[in-house]
Amino acid sequence: MELKVINEQGQAAAPLQASDVLFARDYNEALIHQVVVAYQANARTADRKQKNRAEVAHTTHKPWKQKGTGRARAGMSSSTIWRGGGRAFPNSPEENFSQKVNKKMFRAGVASILSELVRQGRLLVVDSLSIDAPKTKLFAQKLKGMGLEDRLLVITDQLDENLYLSSRNLPNVLVLEAQEADPVSLVRFPRVLVTRNAVAKFEEMWG
């Protein structure tokens, strides 16, 4: 598979030969959906707490007598159908939202995502990407010169400190190392810029 390569001026360069296993895989929407949902679920934390009917501060006395009032029968005000009562199935900090995805499935899902990015022309390769100083203005100017002013995911083999610091104040730009690339970010951004060494890192990890 040939990947489209651009230079730092946004001009087309010689294409890069990449692994067909990673960048020419058939599109598998069901697998991509499963991998993305599992990744989001595994990042979820159980930080909610609700009280059941044993934990709410209510009396256990019967609100009114069983018969003769014309109202529905009621045993106690902590009932789950009462306002202010306990929850029938309360959320708990002990909840576990994690989902298991086999390594082979994860690699196949990421390969399917990368392959679809290539087919749609959303993935570009650059030889290298660096900034002389940690200034957001310099990085924004560089991206504008490359014709990449939309929402952009930048993936490098090693995270350059100047590049990271320069990108933090750009709301539509995310810079990641190759080993930190995740399926959610790959799907979320309309354009993905990958350095040549990051492509080699991808092939080493997932190829």
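Analyst: What follows takes the labels one at a time. Residues are numbered from 1 along each chain as its sequence is written. The model is predicted, so local features need pLDDT of at least 70 and side-chain atom pairs count only at pLDDT 80 or more, while totals for chains, interfaces and linings use all residues, and side-chain values use heavy atoms, with hydrogens and water left out.

User: How many helices and strands does the protein have, and what makes a stretch count as one?

Analyst: There are seven helices and seven strands. From the N terminus on, the order is β-β-β-α-α-α-β-α-β-α-β-α-β-α.

User: How does the radius of gyration of the protein stand against that of a compact globule?

Analyst: The protein has 26 Å, whereas a compact globule of 207 residues would be near 17 Å. The value is taken over C-alpha atoms, and the globule rule is 2.2 Å times the number of residues to the power 0.38. Along its principal axes, the C-alpha trace spans about 90 × 40 × 25 Å.

User: Is Ser77 called buried or exposed, and why?

Analyst: Ser77 has 14% relative accessibility, so it counts as buried. The cut-offs are under 20% relative accessible area for buried and over 50% for exposed, with partly exposed in between (1.4 Å probe, protein chains only). Buried residues make up 35% of the 207 in the protein. Ser77 sits in the loop between α2 and α3.

User: What does the side chain of Ser77 make a polar contact with, and how do you know it qualifies?

Analyst: Its partner is the side chain of His58, at 3.1 Å. A polar contact is a pair of N or O atoms within 3.5 Å; within protein, one must be able to donate a hydrogen and the other to accept it, and residues adjacent in sequence count only if both atoms are side-chain atoms. The 3.1 Å of Ser77 and His58 therefore falls within the 3.5 Å limit. Leaving out residues up to four places away in sequence, Ser77 touches His58, Thr59, Pro63, Trp82 and Gly85, where contact means heavy atoms within 4.5 Å.

User: What makes a group of residues a nonpolar core, and which members of the largest one touch the most others?

Analyst: The members must be buried Ala, Val, Leu, Ile, Met, Phe, Trp, Tyr or Cys, joined through side-chain atoms within 4.5 Å. The largest core here has 30 residues, and Leu3, Phe23, Leu114, Leu123, Ile155, Leu186 and Phe202 touch the most other members. Elements supplying at least two residues each include α1 (20-23), α3 (103-119), β4 (123-126) and α7 (196-206). The largest share, six residues, comes from α3. Apart from this core lies another of 16 residues, among them Leu129, Leu148, Leu152 and Val154.

User: Which are the buried residues of α4, and why are they said to lie on the same side?

Analyst: In α4 (residues 136-145) they are Phe139, Lys142 and Leu143. They cover an arc of only 95 degrees around the axis, so they end up on the same side of α4; the arc is that of the directions from the helix axis to the C-beta atoms. These residues pack against β5, α5 (161-167) and β6 (173-177). On the face turned away from the buried side, Lys137 and Lys144 are exposed.

User: And what is the arc for α7?

Analyst: The buried residues of α7 are Ala198, Val199, Phe202 and Trp206. Their arc is 105 degrees, so they line one face of the helix.

User: How many salt bridges are there, and what makes a pair count as one?

Analyst: The count is four. The rule asks for a side-chain nitrogen of Lys or Arg within 4 Å of a carboxyl oxygen of Asp or Glu. Glu8 and Lys142 meet at 2.9 Å, N to O, and link distant parts of the chain, 134 residues apart. Lys49 and Glu55 meet at 3.1 Å, and Arg196 and Asp127 at 2.7 Å. Each of these distances is within 4 Å, so the three pairs pass.

User: Is Glu8 buried, exposed or partly exposed?

Analyst: Glu8 has 29% relative accessibility, so it counts as partly exposed.

Note on methods. Helices (H or I, at least four residues) and strands (E, at least two) are DSSP runs, numbered from the N terminus.
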